[in-house]
Structures are given as structure tokens and as C-alpha cells.
Amino acid sequence: MAYTYDENGNYKRTVRCSHCWEKGHNKSSCPDRKKQLQASIKTLKERLATDEYEYDYGRENDQRRLVNVTEQLSKMMNKGKGRKCSYCDETGHNRRSCPKRKQDIGIYSAETRTYREKFLEKMREIGLGVGAIVRETIRVQKDDGFEDVAALAYVESVDWLSVDHRDKWSDNDYYYKSNCNLGLRLLGDYVNRWGEKMSKVGAVAPASVANTDNLHVSDEARERGMRGYPGVEIVSGVDSIHPPKEFFDDEAIAKWITSEIVDAK
Ligand SMILES: [Zn+2]
Ligand SMILES: [Zn+2]
């Protein structure tokens, strides 16, 4: 094994050929070895066609070698031919060149782009961005136990770049919720149940930002969402909301879709 960079600039292990010591292929697909085998076959055939042999064993030896190198070459030529693509299970191409995979990256990227456009509108409608003041329920120490209190907090960060089309609210979803993560700084002094001072907490945006198609939400789904994933309540929104540039960058979106969905492990 050796190391190299892949198309995304990540470190990647690669093979090293035990025949020519080049990186990126192994002995069974070595172009150098293929040429040598072809040359050997040609030489052996030419010699076998003549009467140059002084002894029979010389001829027999060449015949055996011819059989051997011909087998080696045909193994090399057939290698990978019957192998299935690990993405679509069809033969004749691999994952990297898979047309279905390429198509899926395109479809999901377009869906994510559309979702992100509407999602940003929803966030702007309620003024949820860095600088907004929100109310979030947190668990704090009380006597020997704890209690839940509604705390005021300042929105320090919005995890824009992990927003994708899968977050969108659809009719079949069990919980009415959003997956958009927020980083909050608490305004006020709070101590958690283990006696530690609390200053930062994570929270999620209200479910309404994920309902980008303005679908009807059943009372049950809304109730489940409020119980499990309540989302922050906006106290004072901000007028200016600007996600990072990559939020609408096609290449960055495709890269996210590829690593998180299409090639997700
Ligand atoms: Zn090689
Ligand atoms: Zn394929």
C-alpha cells in the first residue's frame, strides 16, 4: 500500500504494483507486465515455428512456457470483466464510472438546492439567524434534583451546511420537526444538575422551517414533534440572514450529497 490524494483532496491508501513498483495498479492489471507477456508469446511462437531446437526438451520447455504465459495474459485480460458495480450491481463499469450513481448525485443535489432556497426563506420569515434571541428549555439544578426552565439565549451559530433535502417535512413523517442545529449562548447564569456552569447549549430550529411546501400538519405529528424535538421559540429575530457561500455552491452541494448519501458508509 502507498498513499496518494483522491479527487476531493483527501489522503487515500492506494496499491503498489509488485511487478513495476508503480502506484495505482497492482500486478494483475499492470500495463508493463501485459506488454512483457505479449512479447514473450510472440517470441515463443516464432521460435516454435522454426527448427532451431537441438534437443526435444528445449522445444517442450518452450511449449510449456507458451501455455503458461498465455494463461497469465488471458487472466489479466478477463479480470474485472464479470465484476459488479458496487453501486448499482450491474457489470461493465465500476462505482466511480457508474451512470446511475452520477445521475443520483445530480438528482439529490438539485433537490437539496431547491430545499435550501425555500429553507432560507423560512428562516428569514421568522428571523432565525446568528444574533437572534430565542427561548430554549434547559434542565438546571434545583435542590437535590433538577427542573426545566425556559432560558433566553443568543444564536451563535446555525449549521447551514448540513441542511439537505432529507430534512424536508413530508406528509408521512412521524414527528413534525426540523434538523437544523443551532449553537446557543445562554443569557443568564445557569447551573446544570451536576453543578457545572452552563454557557453554551445546542438546540434545533422550529419545525416550521422544514415545512417548505407548506403542507398540512396533523395534530398528532405536531404534538410528537413538540414533545421530542421542540425547537427554539423566537423572541427577537434578526433582519439580515446570510448563510455561507457554499450553501448555494453546486460543487459543494454535490460533494456533500456524495459523501453523506450516495457514498455514505
Ligand atoms: Zn505495474
Ligand atoms: Zn453502476
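**View 1. Gly183 and Gly202 stand opposite each other, the latter in strand 6.** The model shown here and in the other views is predicted. Strand 5 covers residues 181–191 and is joined to strand 6 by seven bridges. The two strands run antiparallel. Another bridge partner in strand 6 is Ala203, which pairs with Leu182.

**View 2. Five residues lie between the strands in the hairpin of strand 5 and strand 6.** Gly195 in this hairpin takes a positive phi near 85°.

**View 3. An open sheet is formed by five strands in the order 6-5-4-3-7.** The pairing in this sheet is antiparallel. Strand 6, residues 197–204, and strand 7, residues 233–236, stand at the edges. Each of these edge strands has a single partner strand, so one of its sides has no neighbour in the sheet. Direction ignored, neighbouring strands of the sheet are turned by 45° against each other on average. As a general point, strands of a sheet pair through backbone hydrogen bonds, in either a parallel or an antiparallel way.

**View 4. The largest nonpolar core has 22 residues.** Val155 and Leu182 touch the most other members of this core. Helix 3 (99–126), strand 4 (145–158) and strand 5 are the elements that give two or more residues to the core. In soluble globular proteins, nonpolar side chains tend to be buried together.

**View 5. Leu182 is in contact with residues from several parts of the sequence, among them Val155, Ala203 and Val232.**

**View 6. The whole chain, for orientation, holds five helices and seven strands.** Along the sequence the pattern reads β-β-α-α-α-β-β-β-β-α-β-α. The C-alpha atoms fill a box of roughly 105 × 45 × 35 Å along the principal axes. The radius of gyration of the chain is 31 Å, whereas a compact globule of 265 residues would have one near 18 Å. Buried residues make up 17% of the 265 residues. Of the contacts between residues at least 6 apart in sequence, 62% join residues at least 24 apart.

Notes:
Residues numbered from 1 in each chain as written. Chains lettered and ligands numbered in written order. Predicted model: local features only at pLDDT ≥ 70, side-chain atom pairs only at ≥ 80, totals over all residues. Pairing = 2+ DSSP bridges. Helix = DSSP H or I, 4+ residues; strand = E, 2+ residues; numbered from the N terminus. Axes fitted to C-alpha atoms, helices over the stretch in contact; angles between N-to-C directions. Core = buried A, V, L, I, M, F, W, Y, C linked by C-beta atoms within 7 Å. Buried ≥ 20, exposed ≤ 12 C-beta atoms within 10 Å, placed from the backbone. Contact = placed C-beta atoms within 7 Å. Rg over C-alpha atoms; globule rule 2.2 N^0.38 Å. Lists of a residue's contacts leave out its neighbours within four places in sequence.
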